[in-house]
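User: I'm new to protein models and want to learn how to read one. Please walk me through some features, starting with a single residue.

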Amino acid sequence: NALTYLDLAGTDCALDSLFGALNRGCCTHLISLILDRNVFSHKKTREIPPSLKQFFSNCLSLKCITLSGIKLPLEAVRAILQGLACNTHICDIHLDLSNCELRSAGAQVIQDHIIDANTISSLDLSDNGFDSDMVTLVLSIGRSKSIRHVALGKNFNIKSKALADVLHRIVQLIQDEECPLQSLSVADSRLKSGTNVIINALGSNTCLKKIDISGNAMGDTGAKMLAKALQINTSLRTVIWDRNNTAVGFLDIASALERNYTLRSMPFPMSDVSQAYRSNPEKTEEALQKIQSYLLRNNQIRKFSPEQAFRLQERIITSSTQQMVDSMCEMVEEDLNIINKDSMKEKQEDVVFAEEVIKDAKTLTTTLTQSLMKSTSMLCPNVLQKANIQEQLVNKVSSKIFIPKDFTRSVIVEQAGLEIVNKLSEVKLSVTAALIDHFVDHILKDLTIAKQKLVSSVFLFIAMELNLTGN
């Protein structure tokens, strides 16, 4: 048949008897299958019909599967994931397994099969009582190369130490440069101050486009932390943060958005706004008007402003690697100051090498986007003269020059001009950052070699000084 959309939510339908029919008649055209709030079986013995796995293995057009609120047997979850894993005809599947009472055993099943289910791009696992199993579950999700959207809310009913471990894993997940994750929800988890752990990671995050931290009671302190993150984040497009007991924090958010040109959506936090109006209506209204005006500005078709372009470039040169270079330069310079060149003729070559490396390092940290390769070849010849350096640079940046295949098609409907210009600018800056990081790595190696060569000279010089003093 030609059925494309099937909604049987809340109809007391038994899933074990449904999938036989679906497998026979709905594999070709069915796109959306909505089965929320039903039962898996009316029978006492819950056998898993072969048709369950067969349907998910054979469907050709499926995009959306929602099974929320169904107490699924573990073997049923396994059959669904195995079926999707061996289906080569579909991709970008949204799978909703929220509120299915999966608990620890269910978390193990998901961990076993989620890596192979490359058809899944969006996964809702909220409200399943995973709790302490979230640590290993987040690790498994991080290993998936297809999941771009994940919801994990209402799974954090654990002690503070275990909670810290889970939040640390989530931070590692969203800070991984290779992670495909674009959207994260930890809604209604009552994380309170724990929310700040995730918010702190947003400042330097470059992968997430959307985050939902609503319902976590983070208070005005959390709002201040979010404001600080939004001042430097350039990748987030949507932030959802209602039901967080925010009172005066709206002013901080408004101030942050004045400098943020990339966030485009922040759904009106009605619950917190209604509370804030009771205590301070004038300031709350002023803050909300500013927030809306800045979001409207960000949704207009325009190129990066000079201020925003500077902030994007700032991210390239304020990394920890630069601090390492600066620190290493200081150490090598201290050694050079100790050594008396005139009395150490045999070490003159090492001294010259160290001085040249320091010069290259200090020059490189000021080189940014314009004529990067040409400028580096002239200013830092010792780096580019090494064997195979050009090939290494090509390999280093090849993975950075990438725009998703569906990117242009998806944004034409929204705002083609703004998104395409911004994306091209991001790619340009990403390539520049990759090149600079690669050069910095070589500079650090040379600085380390120079340091090692000079150490023995320093010790010899000190020994000679001590002998002269003793005599």
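Analyst: Let's start with Lys-224, which is partly exposed at a relative accessible area of 42%. Buried means under 20% relative accessible area, exposed over 50%, and partly exposed in between, using a 1.4 Å probe and protein chains only. Keep in mind that this is a predicted model: local features need pLDDT of at least 70, side-chain atom pairs count only at pLDDT 80 or more, and totals for chains, interfaces and linings use all residues. Residues are numbered from 1 along each chain as its sequence is written, and side-chain values use heavy atoms, with hydrogens and water left out.

User: Which residue does Lys-224 form a salt bridge with?

Analyst: A salt bridge is a side-chain nitrogen of Lys or Arg within 4 Å of a carboxyl oxygen of Asp or Glu. Here Lys-224 pairs with Asp-252, with the closest N and O atoms 3.3 Å apart. Lys-224 sits in helix H8 (residues 219-232) and Asp-252 in helix H9, so the pair ties together parts that are 28 residues apart in sequence. Asp-252 is partly exposed, at 23%. By the way, helices (H or I, at least four residues) and strands (E, at least two) are DSSP runs, numbered from the N terminus.

User: How many salt bridges does the structure hold?

Analyst: Six. One of them joins the side chains of Lys-71 and Glu-101 (4.0 Å, N to O). Lys-71 is in the loop between E3 and H3, and Glu-101 in the loop between E4 and H4, so this pair ties together parts 30 residues apart in sequence. Another one links Asp-188 and Arg-243 (2.6 Å, N to O). Asp-188 lies in the loop between strand E7 (183-185) and helix H7 (195-202), while Arg-243 lies in the loop between strand E9 (238-240) and helix H9 (249-257), 55 residues apart.

User: Now strands. In which sense do E4 and E5 pair?

Analyst: Two strands pair if DSSP finds at least two bridges between them. Strand E4 (residues 93-96) and E5 pair in the parallel sense over four bridges. Leu-95 has Leu-123 in E5 as its bridge partner, and Ile-93 stands opposite Ile-120. The chain gets from E4 to E5 through H4, in a right-handed β-α-β crossover. Right-handed means that, with the strands pointing away from the viewer, the path from the first strand over the helix to the second runs clockwise.

User: What flanks that pair?

Analyst: Strand E3 (residues 64-66) runs parallel to E4, joined by three bridges, and Ile-65 partners with Leu-95. E5 and E6 are parallel too, with three bridges, and Leu-123 faces Val-150 in E6. E5, H5 and E6 form a right-handed β-α-β unit, as do E3, helix H3 (residues 74-85) and E4.

User: Is E5 (residues 120-124) mostly covered or mostly open?

Analyst: Mostly covered: five of its five residues are buried. Helix H5 (residues 134-143) has buried residues too, including Met-134, Val-135 and Leu-137. The buried residues of H5 pack against helix H4 (103-113), strand E6 (149-151) and helix H6 (160-175).

Key: Contact means heavy atoms within 4.5 Å.
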